[in-house]
Amino acid sequence: MSVKTRAALLKAPYDIELVEKELVCGEDDIIVKNHLIGICGSDKNFYRGQMPPKTAEFRQDPKFPFWLGHESGGTVVEVGAKVSEYKVGDQVIAFGWCNNYADYFMAKAFQLQPVPEGLDMDLASLGEPLACAMYSGLHSGVQLGDVVVVMGGGFAGQVIAQCAKKKGATKVVVADVLDGKLELARKLGADIAVNLKKQDLNQIVQDLTAGQGADVVVEAAGSESSFNTASEIIRHNGKFVFYSWVTQPITLNISRWHDDGLEFINTCLVHHTWRERYVWTPPSLRPVVQGDVEVRPLITHEFKLSEIKAAFELADKDDTAIKIVLRP
Ligand SMILES: [Zn+2]
């Protein structure tokens, strides 16, 4: 059987279009009707023509034309004869690059995850970025009493900052270059929000910690300066929590990594095997189901799928947009 869908094709940088496509369900394929689709920071990079090197993540080569989209969720409408993990009617979260800017997308079982009971479908559709950010927050090594700095007040940074506070950090500092994101971080419980363009983060952290440096710094901004600043403000033997995907070569001053014995924690959920991801996603999403972290305020813009051009123009131009979502 097959399903007709509109699907986003990124033909070249800044040139995205919905095209008609037919999904033919093979024996190990699963077709899902989308509920909601999110724009990821990595999608924005693709849109701007910053293609990453090919990694295990991709079933298609990261080159133009590119079938874009990976953050979504919905309801299974068709399964191939050999599929035993899912059945028609199941609600699922996408965990693969399956051209998800579409009415329907097709995936293999390992690229999906069941929606946890009690999770609203709008949030379940953002289950991949949420699980990733929560996994990072939960595995950041934050202890009661720590001073934690989160570099970047985007979607992930805002979730990780809330998580750090709930885990018992005495002070959570969120650093960004945009006042709108910092304002939101304060509303969501950050103790201190620092505008990196106007304030000296290093000085603020030194003052806060009697010159020791931060116990934990989570890098969720993904820029060269952010990595270098993070490397400066961590205390001796402090924890450098790695989250961002930096696809272009950058220059780092790493002397302190050695000299001050920094500890590195890689908290990228989706880059474990899918079996580990399958196990770790439910506990990562449990605090979201329970309402322990606030997610709704992070959905700053909503478009219809048909307005995908406008949605990406906004994503490209308005850096204060946190999570932009599209509804089929
Ligand atoms: Zn993503």
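User: How many aromatic pairs does a search of the whole structure find?

Analyst: The search finds 14 aromatic pairs. Rings of Phe, Tyr and Trp (its six-membered ring) pair if their centres lie within 6.5 Å. This is a predicted model, where local features need pLDDT of at least 70, side-chain atom pairs count only at pLDDT 80 or more, and totals for chains, interfaces and linings use all residues. Residues are numbered from 1 along each chain as its sequence is written, and side-chain values use heavy atoms, with hydrogens and water left out.

User: Why is the pair of Tyr14 and Tyr47 called edge-to-face?

Analyst: The planes of Tyr14 and Tyr47 are at 70 degrees, with 5.1 Å centre to centre. Planes over 60 degrees apart count as edge-to-face, those under 30 as stacked and the rest as tilted, so the pair is edge-to-face.

User: What makes Tyr14 partly exposed and Tyr47 buried?

Analyst: Buried means under 20% relative accessible area, exposed over 50%, and partly exposed in between (1.4 Å probe, protein chains only). Tyr14 has 45% relative accessibility, so Tyr14 counts as partly exposed. Tyr47 has 3%, so Tyr47 is buried.

User: Why is the pair of Phe46 and Trp97 called tilted?

Analyst: Their planes are at 40 degrees, so the pair is tilted; the ring centres are 5.4 Å apart. Phe46 is buried at 1% relative accessibility, and Trp97 is buried at 9%.

User: How do you know that Lys21 lies over the face of Trp67?

Analyst: A charge sits over a ring if NZ of Lys or CZ of Arg is within 6 Å of the ring centre and within 35 degrees of the ring normal. Lys21 lies over the face of Trp67, at 4.1 Å from the ring centre.
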